[in-house]
Amino acid sequence: MPRELTQNRIQKMWVPTKDDKLPPRRVFNVGEYRREAVKNYSSYDFFKPDNECAVKIRQQCALAALRDVKSYLKDEGGQVAVFDATNTTRERREMILQFGSENAFKVFFIESICDDPSVIASNIMEVKVSCPDYRDCNKTDAMLDFQRRIECYRNSYQPLDPDQHDRELSFIKVINVGRHFLVNRIQDHIQSKIVYYLMNIHVQPRTIYLCRHGESTDNVEGRLGGDAGLSPHGKQFSDALARFVEEQQLKNLKVWTSQLCRSIQTAEYLGVCYQQWKALNEIDAGVCEEMTYDEVKEKFPEEFALRDEDKYYYRYPAGESYQDLVQRLEPVTMELERQENVLVICHQAVMRCLLAYFLDKSAEEMPYLKCPLHTVLKLTPVAYGCKVESISLNVEAVNTHRDRPEEVKRGPGTLIRRNSVTPLTSPESNIKKPRIDDLDEPPIQELPPSVASLALCSPSHLPLSLAGQNLRRSSSGRHEVLQSCQ
């Protein structure tokens, strides 16, 4: 069965700092704070602007989230915080701006506007009806309730005004999930990268197929890198891959390969046009190219041990590290976001990096992801995640996976011989602490019968941008704020 992994598109977005390192970041979803404060959601009445009791609760939850944002950025080493809420009124946005000013954080707003009924309906059915608020509710009732919730926001909604009131703010308006954009006062490199990302993602249904080339003669001999051709089993797989692609009957399928012989030979069996990417070439093993692991261990014992110590940051002498490879693949990942159906025929390390991008895997996990030969991974991006299906084409191949050595125990960021150390994702505490401590009133256990934007924040010495919730499935009148730090 396909596995579905949850992620946040903005959270995993690659936003480089000045030295091209990924800043630690975290998402603060005010809806989660609200669900902790109000244990039982009753109906859309909670979101009515004239519901004073509910308005007060929502305000307290927003303040609690901002308190945690401040703690994360000032005390925990965070650089980018996403304040994920609706922020549809000027009063709420003024509160965020004041918070940013008081703490020397830069603020970047993302406003998502959608008036296309079909997109709104799709958003509700794919995203909202499965959220915790509607856990015990049938889909029809959930959809009706959320439509009424949208109307509650519409009644108090005040759009960002680029001509008058908000002309000095930094923001982007995303209209009808990318049909139109309005960009205002982009002030730094990080904000421009965020805009670039948001203008290239889309919501059309699509499938991405990842696979390695067919088994090569170097694979059979256990050699690293090289540019060998296919083995007999590799040719058999290429033929099976051609039949598999034909059976999928995909419209306008694009095929990408590396510029290495084994990848190109595999694509030739498909009988279709394909595009070669130098960026998809296998990780460069430098002086260890075309050597076996045993030969590397014998000839370069120190290098062998260093790579086991920290496989992500280790760089082969005269070669590359996984960290280098991630940066090399940025144009590929961005182009994958723009495309529809694509088959990528690549290599083990490259496939690990692409898989880690879509599944939001950490630097520690990435180099050990299993990407066997003669297996196709079918990725179907969905709201807040990606469905993954592993399809073996039942052609024999050698196993090139090398597990993490058991005896290697290391803390984060110990290898600094060739690379500076920056975590791929910010560490999450294993201790679950209440989000709503220190509020003016205790959590509300049950709602009286009467009774969403993103923000990123960061310290002043870092560039700060705020980003909204999942823009791939945005509903009408939603604001998203992104703050990143330098």
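D145 touches Y41, S43, Y44 and Y134, leaving aside residues up to four places away in sequence; touching, or contact, means heavy atoms within 4.5 Å. This is a predicted model, where local features need pLDDT of at least 70, side-chain atom pairs count only at pLDDT 80 or more, and totals for chains, interfaces and linings use all residues. Residues are numbered from 1 along each chain as its sequence is written, and side-chain values use heavy atoms, with hydrogens and water left out.

**The setting of D145**
- You can find D145 in helix α6, residues 139–156; helices are DSSP runs (H or I, at least four residues), numbered from the N terminus.
- D145 is buried without a salt bridge, and R149, the nearest side chain of opposite charge, is 4.5 Å away.
- Buried means under 20% relative accessible area and exposed over 50% (1.4 Å probe, protein chains only).
- A salt bridge needs a side-chain nitrogen of Lys or Arg within 4 Å of a carboxyl oxygen of Asp or Glu.

**The two sides of α5**
- V119, I120, N123 and I124 are buried in helix α5, residues 117–126.
- These residues lie on the same side of α5 because they cover an arc of only 135° around the axis.
- The buried residues of α5 pack against α6, while P117 and S118 are exposed on the other side of α5.

**Nonpolar cores**
- The largest nonpolar core has 47 residues, and L280, V332, L336, V344 and L354 touch the most other members.
- Helix α15 (residues 348–359) gives the most to this core, with 10 residues.
- A second, separate core of 45 residues includes Y33, I57, A64 and I96.
- A nonpolar core is a set of buried Ala, Val, Leu, Ile, Met, Phe, Trp, Tyr and Cys residues joined through side-chain atoms within 4.5 Å.

Conventions: Lys and Arg count as positive and Asp and Glu as negative; His and the chain ends are not counted. The arc is that of the directions from the helix axis to the C-beta atoms.
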